[in-house]
Amino acid sequence: MTRLLIKLMVKIITVKMSDVDAAPTVSSRLKDAWNMASDATLKDLGDEQDRVMKWQSTLGEVDTTLKMIITVQRQWGALESIFLGSADIRAQLPDDTKRFESVDSDFKEMMMMIQAKPSVVSCCSTEGREEQLRAMNKELEKCEKVLNEYLEVKKSIFPRFYFVS
């Protein structure tokens with residue numbers, strides 16, 4: 001069982017972050033490895049117990065970080081064209097535009113760093129990565145909230161905007 005677990009972990013490590021289609025596969029592999037490590041008894045692991053526990057912790061961190069990357073990427077993608085492409089939004093919401101621009105530059109910088117180090121484990125295990133993603137998520141949620149409030153005001157003034165959203 002230990003050999004099977006190690007083989008599975010090697011497959012996970014070799015998946016590259018640039019392989020967009022691999023995200024569901026990585027998640028599936030993480031769950032398989034997690035379940036196998038969780039199901040293993042201490043007697044079955046023997047000398048490998050510390051190594052398996054370390055990998056279980058690492059894979060949990062990778063899973064959490066990958067989910068955060070996907071969440072931030074979706075939010076960022078939805079807001080990018082609005083805050084960077086709309087002169088009206090830039091003029092009406094200058095503070096939130098600056099907030100988004102800050103997140104935009106941080107997110108793009110992070111993606112370049114991830115591209116330079118395409119191993120899933122090394123990318124997701126970078127010190128402070130999860131906290132940085134959580135901060136970006138929080139800032140993007142603020143931008144989204146203010147944008148929604150702005151659009152609600154516009155809808156109340158111009159009822160035809162209800163059809164736009």
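Buried means under 20% relative accessible area, exposed means over 50%, and partly exposed lies in between, with a 1.4 Å probe and protein chains only. The structure is a predicted model, in which local features need pLDDT of at least 70 and side-chain atom pairs count only at pLDDT 80 or more, while totals for chains, interfaces and linings use all residues. Residues are numbered from 1 along each chain as its sequence is written, and side-chain values use heavy atoms, leaving out hydrogens and water.

**Whole chain**

Select the protein chain and colour it by pLDDT, the predictor's confidence in each residue from 0 to 100. The mean is 80, and 69% of the residues reach 70 or more. Confidence is lowest in helix 1 (residues 2-14), with a mean of 51, and highest in helix 6, at 94.

Switch to a cartoon: there are 8 helices and 0 strands. Helices (H or I, at least four residues) and strands (E, at least two) are DSSP runs, numbered from the N terminus. Of the 165 residues, 32% are buried. Contact means heavy atoms within 4.5 Å; among contacts between residues at least 6 apart in sequence, 72% join residues at least 24 apart.

**The core**

Next, select Val72, Leu79, Phe83, Phe100 and Leu140. Of the 25 residues in the largest nonpolar core, these touch the most other members. Such a core is a set of buried Ala, Val, Leu, Ile, Met, Phe, Trp, Tyr and Cys residues joined through side-chain atoms within 4.5 Å. At least two of its residues come from each of helix 4 (49-85), helix 6 (94-116), helix 7 (120-124) and helix 8 (129-157). Helix 4 gives the most, with 8 residues.

Centre on Val72. Beyond its neighbours within four places in sequence, Val72 is in contact with Phe107, Leu133, Met136, Asn137 and Leu140.

**Glutamine 75**

Stay in helix 4 and pick Gln75. Is Gln75 buried or exposed? Gln75 counts as buried because its relative accessible area is 13%. Residues up to four places away in sequence aside, Gln75 touches Asn137, Leu140, Glu141 and Glu144.

**After helix 8**

Finally, move to Phe158, in the segment after helix 8. Its relative accessibility is 32%, so Phe158 is partly exposed.
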